[in-house]
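Please walk through this model with an eye on its aromatic rings and its backbone angles.

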Amino acid sequence: MTYTPADIQWRDLELEQTVEYLNAVNPHGYTAASIKAHAVRSWTDNDFAPTFVGTAGWYVTIIPTPDGSKPFLALVSIMAYTALTCLSERRAA
């Protein structure tokens with residue numbers, strides 16, 4: 001079966017908070033759209049398998065959701081070392 005990006009449910013608030021946090025810690029111009037595009041590209045390249053996609057402090061897990069409104073759910077998270085770096089810099093300041 002072939003899926004499209006429209007088959008993924010995104011938690012928009014979670015995604016926006018991740019982008020805001022990443023740009024506060026290390027501004028590289030992250031956007032929700034760029035994270036979505038990278039995640040979807042990796043997901044389709046891996047034959048729609050549940051996957052972890054990440055770079056520069058964030059990752060996305062795309063998992064099947066048989067009971068959801070869409071077949072897949074994207075979970076966006078901050079990598080632990082990114083949070084630790086931010087907290088360490090705040091303590092030093």
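Is W43 buried or exposed? W43 counts as buried, because its relative accessibility is 0% and the cut-off for burial is under 20%. Keep in mind that this is a predicted model.

Now look at the rings. The structure holds 5 aromatic pairs. One of them joins Y3 and W43. Their centres are 6.2 Å apart, with 40 degrees between the planes, and the pair is tilted. Y3 lies in the segment before strand 1 (8–10) and W43 in helix 2, so this pair ties together parts that are 40 residues apart in sequence. Y3 counts as partly exposed, at 22% relative accessibility.

Y3 also pairs with F48. Here the ring centres are 5.4 Å apart and the planes stand at 75 degrees, so the pair is edge-to-face. The cut-off for that class is over 60 degrees. F48 sits in the loop between helix 2 and strand 2, so the contact with Y3 bridges parts 45 residues apart in sequence. Ring pairs link Y3, W43, F48 and F72 into a cluster.

Stay in that loop and turn to the backbone. Most residues other than glycine have a negative phi. F48 has a positive phi, near 65 degrees. D47 has a positive phi too, near 55 degrees.

How do their surroundings compare? D47 counts as exposed, at 65% relative accessibility. F48 is buried, with a relative accessible area of 19%.

Technical notes
Residues numbered from 1 in each chain as written. Predicted model: local features only at pLDDT ≥ 70, side-chain atom pairs only at ≥ 80, totals over all residues. Heavy atoms only, no water. Buried < 20%, exposed > 50% of the residue type's maximum accessible area, 1.4 Å probe, protein only. Phe/Tyr/Trp six-rings, centres within 6.5 Å; stacked < 30°, edge-to-face > 60°. Helix = DSSP H or I, 4+ residues; strand = E, 2+ residues; numbered from the N terminus.
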